[in-house]
Amino acid sequence: MKAHTLSILVENKAGVLSRVAGLFSRRGFNIESLAVGVCEEPNMSRITVVAYGDDAQIEQVKKQLNKLIDIVKVSDITYRDHVDRELALIKVGAETGATRAEIMQIASIFRAKIIDVGTRTVVLEVTGDSEKIDALEKLLPQYGIKELVRTGKIAILRGSKTVKSQKPE
Amino acid sequence: MKTGAKILIESLAKEGVDIIFGYPGGSVLPIYDELYDSSIRHILMRHEQAAVHAADGYARASGRVGVCLATSGPGACNLVTGIATAYMDSVPVVAITGQVPTSMLGNDAFQESDITGITLPVTKHNYLVKHAGELAGVVREAFFIAKTGRNGPVLIDIPKDVNTDLIADPAPAPETVSLRGYQPTYRGHTRQIERAIDLLMKAERPIIYAGGGVIASGASGELVELAERLMLPVTATLMGLGCIPCNHPLNLGMLGMHGTEYANYAVTECDLLLAIGVRFDDRVTGKIETFAPHAKVVHIDVDPAEIGKNKPVDVPIVGDAKAVLADMLARIRKRDGPSQWLHKIDVWKENHPLRYREGDGLHPQYVIQQLSDLLNGEGVIVSEVGQNQMWAAQYYCFRHPRQWISSGGLGTMGYGFPAAIGAHFARPGEQVFDIAGDGSIQMNIQELGTVAHYTIPVRIAILNNMYLGMVRQWQELFYDRRYSYTELPAVDFVKIANAYGVEGMRVDSRDEVRPALQAAIDAEGPFVLDFRIEREENVFPMVPAGAAINEMIGGHQQ
């Protein structure tokens with residue numbers, strides 16, 4: 001079992017997200033993370049899914065996804081040269097000036113930003129690969145993580161290669 | 001100015017639809033109003049489930065798209081089992097449902113259900129149409145998707161206001177459909193085809209394992225030609241029966257759980273398995289690790305997701321069975337067969353034929369054999385699900401593709417009778433028999449109303465053992481004869497038929513079988529035969545679930 005990163009180009013049609021998500025759950029695959037948004041093409045969206053499975057299972061999921069009419073392209077980019085990022089917002093307890101200073105110090109090491117300061121909390125914004133965010137997350141429980149939101153991974157191929165399909169004539 | 005409903009009916013006519021199986025209701029009133037003076041015929045079924053099965057039976061018998069129509073909410077929900085049935089067996093059906101007006105969508109309005117959501121996992125694709133202007137294009141696309149690539153059901157959900165809205169200048173549907181996310185592969189990859197031929201030529205013990213894909217793509221002619229040219233024995237799945245005539249010397253009949261012993265032995269010993277339009281279903285393979293354990297596997301299928309899904313494949317060929325087989329034939333010349341292998345198979349055939357205990361009682365196998373004999377293996381044979389289905393598959397001698405219509409993948413009891421109604425409209429001149437059990441027939445028995453109403457000459461042969469026979473058989477063999485809730489009290493099916501105005505006849509003894517079948521064949525209208533068969537007759541041979549397919553019980557050993 002290994003985490004696979006799938007990049008999926010879909011038509012922006014009603015229900016397309018539930019078609020994709022439904023297919024994963026129906027065939028018994030757990031989605032680790034899912035991120036979706038508009039992309040460079042009009043009326044299209046790009047979905048990045050991280051799912052666990054062996055290569056054969058992921059191959060089957062890919063084939064099943066490809067059968068969905070609204071899905072234009074599915075690419076397993078796990079073994080291809082790519083970069084990926086995730087963004088997290090973390091609300092941490094900061095009751096005293098001393099803890100606030102400590103948190104700010106940790107934030108600066110991780111190139112995280114403080115985007116909100118309250119009387120008893122601060123909110124950190126951090127971007128990076130999943131491991132970096134995991135690492136930051138591990139340092140914060142001593143101050144009390146009040147709330148944590150992660151976007152899920154998004155990924156893109158390095159160089160000039162893209163996840164696209166030929167438009168039919 | 002045209003209403004959405006008018007655009008819908010015109011679009012259906014443009015797709016060549018001449019018949020719709022349906023059931024009216026509030027949200028489809030505008031569509032029914034258009035049907036009132038349309039040239040498209042509508043058959044009023046007695047249940048929406050029957051409407052979708054009839055559309056499915058029509059599609060399987062004709063090779064064209066079957067169409068059904070139901071209202072929103074309960075009407076649409078009643079279609080679900082039938083849509084799932086068509087999905088599992090890759091049948092081109094277009095299901096049209098009414099929906100509450102767009103302004104009420106999502107408000108739990110009267111007779112609202114999220115039918116596109118509900119049918120997501122059991123349709124090839126579905127649509128919720130929000131504007132009347134989209135209808136023509138959606139209908140064109142739906143038929144295209146249903147009938148191309150791996151066929152399957154498509155649902156179109158139409159809110160009531162979309163059907164009543166007036167459109168000033170409706171855009172016509174595009175002549176050709178072009179979808180970025182849907183481009184099926186028809187021609188096989190040349191190099192893979194060459195590799196497959198190479199393996200075929202070298203094989204000492206080759207066999208063809210043919211399924212529903214051969215029927216769907218109309219590849220039976222090519223299949224038989226290939227088999228004859230290379231002298232390859234052919235075994236078919238339940239869905240593939242009829243791809244080669246049953247009396248063809250190379251035919252081994254059905255394989256799998258209730259297949260012939262010789263087919264299962266041959267697959268177990270083969271060194272090359274040419275799998276065409278099949279999906280290595282568990283009812284075929286038994287324990288997958290022991291299925292064709294010595295074989296190189298060549299798999300031809302139009303759906304790439306089926307290749308390597310259950311069993312590793314040596315030569316994958318994505319493509320339409322007919323196109324791929326034609327390409328293979330163009331590269332293959334006639335040659336002598338693998339005579340030792342064919343001889344070995346002949347010995348198996350000789351020593352392990354299909355057989356049953358023949359006694360004084362009324363045996364269901366005998367009923368099927370006599371029907372096959374009286375119709376000379378012609379006609380359209382539809383089945384319900386269970387023992388009746390397996391006896392029909394084993395003992396009817398099918399000569400042609402699309403002659404055998406049965407719910408294989410989903411195994412839907414209650415499928416047969418309405419599907420037989422659809423089959424009749426696809427092939428009106430032919431004898432259509434539904435082989436039923438007393439359990440299955442009661443799942444859609446209300447369709448006696450439909451066949452009486454339209455004088456539809458469907459014949460129903462009920463193999464009545466007053467049990468849910470297949471479940472009882474499993475209870476006998478694997479649950480120590482504890483017949484938990486499988487016994488059914490006697491039903492007088494002749495009386496039920498008569499009450500609907502349908503003729504019927506009860507048959508208690510062997511001597512009465514042929515005259516009774518002949519009476520049904522000769523009847524002008526529908527006919528019900530109630531065969532009171534041996535109650536505890538079993539379907540043999542049988543591969544217990546999870547066993548290897550050469551480990552059959554109830555075969556020649558008995």
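In chain B, B:Ser383 stands opposite B:Ile435 in strand S17. Four parallel bridges tie strand S15 (residues 380–383) of chain B to S17 (residues 432–437). This is a predicted model. Chain B is divided into three stretches: domain 1 (2–167), domain 2 (190–351) and domain 3 (364–532). Chain A has domain 1 (2–80) and domain 2 (83–154) in its domain assignment.

**The sheet around S15 of chain B**

- S15(B) belongs to an open sheet of six strands, with parallel pairing.
- The strand order is S16-S15-S17-S18-S20-S19.
- Strand S16 (404–405) and strand S19 (503–507) of chain B are the edge strands. Each of them pairs on one side only.
- S15(B) and S16(B) run parallel and are joined by two bridges.
- Within that pairing, B:Val382 has B:Ile405 as its bridge partner in S16(B).
- Which way do the residues of S15(B) point? B:Val380 and B:Val382 point one way, and B:Ile381 and B:Ser383 point the other way. In a regular strand the side chains alternate between the two faces of the sheet.
- All four of these S15(B) residues are buried.
- From S15(B) the chain crosses to S16(B) through helix H17 (residues 387–395) of chain B. This β-α-β crossover is right-handed.

**B:Gly57 and its contacts**

- B:Gly57 sits in helix H3 (residues 48–62) of chain B.
- Is B:Gly57 buried or exposed? B:Gly57 counts as buried because 33 C-beta neighbours lie inside 10 Å. The cut-off for buried is 20 or more.
- B:Gly57 and B:Glu524 are 467 residues apart in sequence. In space they are 21 Å apart, C-alpha to C-alpha.

**Helix H1 of chain B**

- Helix H1 covers residues 4–14 of chain B.
- Eight of its eleven residues are buried, so H1(B) is largely enclosed by the rest of the structure.
- The buried residues of H1(B) are B:Gly4, B:Ala5, B:Lys6, B:Ile7, B:Leu8, B:Ile9, B:Ser11 and B:Leu12.
- B:Gly16 follows H1(B). The phi of B:Gly16 is positive, near 90°.

- Another open sheet of six strands has the order S11-S10-S9-S12-S13-S14, with parallel pairing.
- Strand S11 (251–254) and strand S14 (315–318) of chain B stand at the edges. Each has a single partner strand, so one side of each is left without a neighbour in the sheet.
- Neighbouring strands of this sheet are turned by 15° against each other on average, direction ignored.
- Two bridges join strand S10 (residues 234–236) of chain B to S11(B), and the two strands run parallel.
- Which residue of S11(B) stands opposite B:Val234? That residue is B:Asn251.
- Helix H12 (residues 261–269) of chain B packs on the sheet. H12(B) touches strand S9 (206–210), S10, S11 and strand S12 (272–276) of chain B.
- The direction of H12(B) makes about 105° with that of S11(B).

**Domain 2 against domain 3 in chain B**

- The C-alpha centres of domain 2 and domain 3 of chain B lie 30 Å apart.
- The contact takes 13 residues of domain 2 of chain B and 14 residues of domain 3 of chain B.
- The domain 2 side of this contact has eight nonpolar, five polar and no charged residues.

**The two domains of chain A**

- The C-alpha centres of domain 1 and domain 2 of chain A lie 29 Å apart.
- Six residues from domain 1 of chain A and five residues from domain 2 of chain A make the contact.
- On the domain 1 side, strand S2 (31–38) and strand S3 (44–53) of chain A each supply at least two residues.
- S2(A) gives the most to that side, with three residues.
- By class, the domain 1 side has three nonpolar, three polar and no charged residues.

**Chain B against chain A**

- Between the chains, 15 residues of chain B are in contact with 19 residues of chain A.
- The chain B side divides into eight nonpolar, five polar and two charged residues.

Conventions. Residues are numbered from 1 along each chain as its sequence is written. Chains are lettered from A and ligands numbered from 1 in the order in which they are written. This is a predicted model: local features need pLDDT of at least 70, side-chain atom pairs count only at pLDDT 80 or more; totals for chains, interfaces and linings use all residues. Two residues are in contact if their C-beta atoms, placed from the backbone, lie within 7 Å. Ala, Val, Leu, Ile, Met, Phe, Trp, Tyr, Cys and Pro count as nonpolar, Asp, Glu, Lys and Arg as charged, and the others, Gly among them, as polar. Domain bounds come from an automatic or database domain assignment. Two strands pair if DSSP finds at least two bridges between them. A residue is buried if 20 or more other C-beta atoms lie within 10 Å of its own, exposed if 12 or fewer, and partly exposed in between; C-beta atoms are placed from the backbone. A crossover is right-handed if, with the strands pointing away from the viewer, the path from the first strand over the helix to the second runs clockwise. Axes are lines fitted to C-alpha atoms, for helices over the stretch in contact, and angles run from 0 to 180 degrees between N-to-C directions.
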